[in-house]
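Reader: I would like to learn how to read a model feature by feature. Could you take me through one?

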Amino acid sequence: MSRLFSKVIISAGFLSAGMALGWWSTEKLKLESNQPREILPQINKILPVFDPEITTDKNPNYNFIASAVEKVAPAVVRINAEREIGFNIPQKLQKNFFGSDLPQEREEIGSGSGFIVQEDGLILTNAHVVEGASFVSVSLQDGRIFDGEVLGVDTMTDVAVVKISALDLPTVSMGNSEAINTGEWAIAIGNPLGLNHTVTAGIISALNRTSNEVGIPDKKVRFIQTDAAINPGNSGGPLLNAQGEVIGINTAIRADAQGLGFAIPIETANRISQQLYTKGKADHPYLGIQMLTFNQNIPRDDNLPISPADEDKQGVLIVAVISDSPAERGGMLLGDLIIQVGDDKILEAVEVQESVEKSSIGEVLPVTIYRQGEMMVLEVIPDEFPQ
């Protein structure tokens with residue numbers, strides 16, 4: 001197996017520019033004591049301000065990003081996956097031209113990122129990093145390399161769990177993605193394009209991006225959007241808050257745009273990973289309906305199966321019920337307007353999906369609807385999502 005080595009060359013012109021900038025900053029500081037007091041605030045505006053709690057006398061440039069990276073980087077890993085791909089050669093040609101020595105498959109190498117969540121070697125990553133892999137290896141920041149065992153993969157949320165045989169490993173600290181706000185700092189660590197332990201930073205650009213908005217409608221996730229640079233190889237690495245806590249798993253990127261990265265909220269990843277760890281698969285409850293958001297902003301269409309008695313209401317309109325599905329068995333009908341699932345009030349179709357996802361397979365899930373002006377509660381028992 002060949003290895004690709006790369007080197008970074010820093011030009012003399014860049015070094016000169018850096019030295020000139022350093023001289024300018026030093027001279028500016030020297031001039032400060034000779035300036036009249038009234039202009040000092042203007043000088044302070046162009047000088048960097050650092051939090052004294054995370055600065056040191058040895059390195060005054062040590063900031064919150066450096067602090068977060070120092071805390072988390074040892075627990076971020078590189079994952080290499082080998083996948084077997086069969087040769088597509090007609091059997092007749094194999095016999096006539098290649099004899100019995102024709103290899104039946106070849107291996108393809110892919111790589112991504114992950115992070116350690118337990119000291120005994122439990123690692124979270126993306127499903128697409130390890131799905132279908134015949135062999136997985138995990139490289140730590142300290143240079144150690146371990147064989148990895150894929151305990152489970154969930155393609156619907158793009159979450160996977162890998163285990164390595166080791167003890168006393170560094171781990172990440174978990175944050176709360178439900179408490180973050182747009183505009184907060186975001187830090188990504190991973191191995192983009194084979195460049196190990198790359199750090200990028202930006203902000204939380206948006207929250208609750210649906211799978212349809214992101215362009216991957218087959219996923220059951222509401223994504224965190226960030227402008228921290230996320231490139232191929234970052235997949236599976238952690239997205240951090242300013243305190244160095246993991247708030248998401250970096251996953252999807254839009255090839256047709258810049259400054260758009262997406263991460264799976266850590267609460268979703270934790271819920272799915274627990275199921276993958278304990279039983280090797282994740283449960284995805286299923287009702288069997290097609291639906292659309294219905295409110296006053298939806299253009300009225302005579303083809304919509306909405307009752308005149310319900311036109312002034314808002315909720316999620318059922319536009320199709322799958323035959324022999326939990327929805328059909330539970331009494332759901334075309335034209336029903338869903339306003340609540342379990343304890344969750346419903347305004348949008350994606351909220352129905354999220355509420356059903358939180359339910360339990362085989363247990364009664366109350367669904368409140370309007371049907372021709374009358375409110376009623378149906379008892380629906382979700383099934384496992386069909387393969």
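Reader: What should I keep in mind about the source?

Author: This is a predicted model, in which local features need pLDDT of at least 70, side-chain atom pairs count only at pLDDT 80 or more, and totals for chains, interfaces and linings use all residues. Residues are numbered from 1 along each chain as its sequence is written, and side-chain values use heavy atoms, with hydrogens and water left out.

Reader: How is a pocket defined, and what is the volume of the largest pocket?

Author: The search runs on a 1 Å grid over the protein atoms alone. A pocket is an open set of points with protein on both sides within 12 Å along at least five of seven lines. A cavity is a set of points where a 1.4 Å probe fits but cannot get out. Grid points are joined across faces, edges and corners, and a volume is the space filled by probe spheres set on the points. Here the largest pocket has a volume of about 1,200 Å³.

Reader: Which residues line the largest pocket?

Author: A lining residue has an atom within 4 Å of a point. The largest pocket has 43 of them, and Lys 220, Arg 222, Val 350, Gln 353 and Glu 354 lie nearest its centre.

Reader: Which elements give two or more residues to that lining?

Author: Elements are DSSP runs, numbered from the N terminus: helices (H or I) of at least four residues, strands (E) of at least two. The contributors are helices H6 (211-214), H7 (266-279) and H9 (349-357), with strands E9 (198-209), E14 (285-286), E15 (289-294) and E18 (344-345). H9 gives the largest share, nine residues.

Reader: How does the lining divide by class?

Author: Ala, Val, Leu, Ile, Met, Phe, Trp, Tyr, Cys and Pro count as nonpolar; Asp, Glu, Lys and Arg as charged; the others, Gly among them, as polar. The lining has 18 nonpolar, 14 charged and 11 polar residues.

Reader: How does the span of H7 compare with the expected value?

Author: The expected span of a helix is 1.5 Å times one less than its number of residues. H7 has 14 residues and reaches 20 Å from first C-alpha to last, close to the 20 Å expected.

Reader: Which residues of H7 are buried?

Author: Buried means under 20% relative accessible area, exposed over 50%, partly exposed in between (1.4 Å probe, protein chains only). In H7 the buried residues are Ile 266, Thr 268, Ala 269, Ile 272, Ser 273, Gln 275 and Leu 276. Gly 280 follows H7 and has a positive phi, near 80 degrees.

Reader: What should I make of a positive phi?

Author: Most residues other than glycine have a negative phi. His 197 has a positive one, near 50 degrees. It is found in the loop between strand E8 (185-190) and E9, and is partly exposed at 24%. Asp 324 also has a positive phi, about 55 degrees, although it is not a glycine. It is found in the loop between strand E16 (315-321) and helix H8 (326-329), and is exposed at 56%.

Reader: How many aromatic pairs are there?

Author: Rings of Phe, Tyr and Trp (its six-membered ring) pair if their centres lie within 6.5 Å. Planes under 30 degrees apart count as stacked, over 60 as edge-to-face and the rest as tilted. The whole structure has three pairs. In one of them, Phe 64 and Trp 185 have ring centres 5.1 Å apart and planes at 55 degrees, so the pair is tilted. Phe 64 lies in helix H3 (64-72) and Trp 185 in E8, so the pair ties together parts 121 residues apart in sequence. Phe 64 is partly exposed at 22%, and Trp 185 is partly exposed at 44%.

Reader: Why is the pair of Phe 223 and Phe 262 classed as edge-to-face?

Author: Their planes are at 70 degrees, so the pair is edge-to-face; the ring centres are 6.3 Å apart. Phe 223 is buried at 2%, and Phe 262 is buried at 3%.

Reader: Where does Leu 287 lie, and how far is Leu 287 from Val 380 in space?

Author: Leu 287 lies in the loop between E14 and E15 and is buried at 6%. Leu 287 and Val 380 are 93 residues apart in sequence, and their C-alpha atoms are 7.8 Å apart.
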